[in-house]
Amino acid sequence: MDQPFVEGSVETKAGRIPRVSSTLTCADHFGSIKARWGVRRMQFTVDPGLYALGNPDDKTRVFVTANYKMSFDRLREALVGRDAWILVLDTNGINVWCAAGKRTFGTEELVRRIASVDLAQIVTHRELILPQLSGPGIAAHLVKKLSGFKVIYGPIESTDLPLFMDAGCKATPEMRKKTFATKERTVLVPVELVGTLKWSLLILPCLFFLGGLGGDSGFWAGTMRYGLFAVVAFLCAIASGAVLTPILLPWLPGRAFSFKGLVMGIITAILVAAFWPGDFNQWAGRAEIFAWFFLIPAISAFLGMNFTGASTYTSLSGVRKEMERAVPLEVVGCGIGLLLWILSLLAA
Amino acid sequence: MEKFVYLRDVVTLALDPEKCVGCGMCLVVCPQAVFSMHDGIAHIENRDQCMECGACSQNCPTAAVTVQAGVGCAAAVINSALGRDGSSCCCVIETDEGSRGGGSVCC
């Protein structure tokens, strides 16, 4: 009951049920933004259990969701102007689709939760509306057998719920197909970027200070010339793999994500080379720029490959096949690049 | 047919028409429109669209649809190969359910 978004309660045969609103507050929106940037994402949760939206009674529909607060908020926001019961499952604060993959949003938890909130006492009907993407965790026929409640799979997007409800719980084929539009890919970029920058914080100082080995004008002159260029080139590689590859995904050639990342990396390397301050007439200079033509595409390919986890259409079998070929090439590419770069420093 | 298609001929999806009772649950839960219904029996229409999420096999009352379910996540494959539990990352591929990696998770 003592959660900031709870506004009073509703009396039922099974006791008092906390009431929530369809209107999100600034605090709710700010929480979503923080979660998108990976800030306290695992603490962005709702207590599992039953909630009342508006003034539901014993005939009101029951919607089931995960206890990731973003999932809960998207659902109540979509049901504006309607009464509903919202049954929140304990998914350890993970969203519906991913929790379904682990079966925490699963048949067992659903059946247990129906019993623990005494749902059969609160509503007289025996139907539940679940998000379609909970399918990997739920066996609808088993839920019916074990709890008596019939599972109705709603649309993928909560925003389609009003149309779905008004059509008598019928989804159009569009509602049942997971999209991966530019906007959907873009909102996933910050979390990818934050995750990547975390381990980059270890690498960037190494590149900067190693640059001090280069040139004959002293250590600091070397860091400012070779170290700084390495830092910028490395950041461009990250931007290529973790930002540009996800956003430009459908327009990059190939099917494998690592290949898309590789192509983006080659383009990025050409752009970086255009701003390279070195001398191509010297062996050291050539080695330095060739080093980045290995490093940037290899890093970009690796990061592009990592975006498979955020994408909505890659299979595990496919990712394994892609990785069998891509990972060795990425490792070799980074190895050759690093070797060339260090040689170029020692020769400069 | 779609803008996004992943690698060809890799997925483990299979459908046994002998067992299919034509309930249509696989068509309902599939987020990639892989299935179609002809003559009261489900068919695999867009095989390469399958992402092996496992919703179809999980909701098939007669076990006519089978798939090696998992999350297509490179970070999870790396974590699994390194023997990490993945608590620092979003995805986990659980290997205790079978040698080829049974259930898997992502957040």
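**Figure 1. The two domains of chain A.** Chain A splits into domain 1 (6-178) and domain 2 (183-347). The bounds come from an automatic or database domain assignment. The model is predicted: local features need pLDDT of at least 70, side-chain atom pairs count only at pLDDT 80 or more, and totals for chains, interfaces and linings use all residues. Residues are numbered from 1 along each chain as its sequence is written, while chains are lettered from A and ligands numbered from 1 in the order in which they are written. Taken over C-alpha atoms, the centres of domain 1 and domain 2 of chain A lie 42 Å apart. In the contact between them, 4 residues of domain 1 of chain A meet 6 residues of domain 2 of chain A. Two residues are in contact if their C-beta atoms, placed from the backbone, lie within 7 Å. The domain 1 side of this contact holds 1 nonpolar, 1 polar and 2 charged residues. Nonpolar means Ala, Val, Leu, Ile, Met, Phe, Trp, Tyr, Cys and Pro; charged means Asp, Glu, Lys and Arg; the others, Gly among them, are polar.

**Figure 2. Helices α12 and α13 of chain A.** Helix α12 spans residues 283-306 of chain A, and helix α13 spans residues 316-347. Helices are DSSP runs (H or I, at least four residues), as are strands (E, at least two), numbered from the N terminus. The axes of α12(A) and α13(A) come within 7 Å and cross at roughly 155°. Axes are lines fitted to C-alpha atoms, for helices over the stretch in contact; angles run from 0 to 180 degrees between N-to-C directions. The two helices, α12(A) and α13(A), are therefore roughly antiparallel. Angles over 145 degrees count as roughly antiparallel, under 35 as roughly parallel, 65 to 115 as roughly perpendicular and the rest as oblique. The crossing of α12(A) past α13(A) is left-handed. Their contact comprises 23 nonpolar, 3 polar and 3 charged residues.

**Figure 3. Phe307(A) in its loop.** Phe307(A) sits in the loop between α12 and α13 of chain A. Phe307(A) counts as buried because 25 C-beta neighbours lie inside 10 Å. The cut-off for buried is 20 or more other C-beta atoms within 10 Å; exposed is 12 or fewer, and partly exposed is in between, with C-beta atoms placed from the backbone. Not counting residues up to four places away in sequence, Phe307(A) touches Glu192(A), Thr245(A), Pro246(A) and Phe257(A).

**Figure 4. Helices α4 and α6 of chain A.** Helix α4 (residues 107-116) of chain A packs against α6(A) at about 30°, with the axes 10 Å apart. So α4(A) and α6(A) are roughly parallel. From α4(A), Thr107(A), Leu110(A), Val111(A) and Ile114(A) meet Leu142(A), Val143(A), Leu146(A) and Ser147(A) of α6(A). This contact has 6 nonpolar, 2 polar and no charged residues.

**Figure 5. Chain A against chain B.** Here 39 residues of chain A are in contact with 39 residues of chain B. On the chain A side, α3 (96-102), α6 (140-147), α12 and α13 each supply at least two residues. α13(A) gives the most, with 8 residues. By class, the chain A side has 18 nonpolar, 12 polar and 9 charged residues.

**Figure 6. The fold of chain B.** Chain B has 3 helices and 6 strands. Along the sequence they follow the pattern β-α-β-β-α-β-α-β-β. Of the 107 residues of chain B, 49% count as buried.

Note on methods. A crossing is left-handed if the near helix is turned anticlockwise from the far one by less than a right angle, and right-handed if clockwise.
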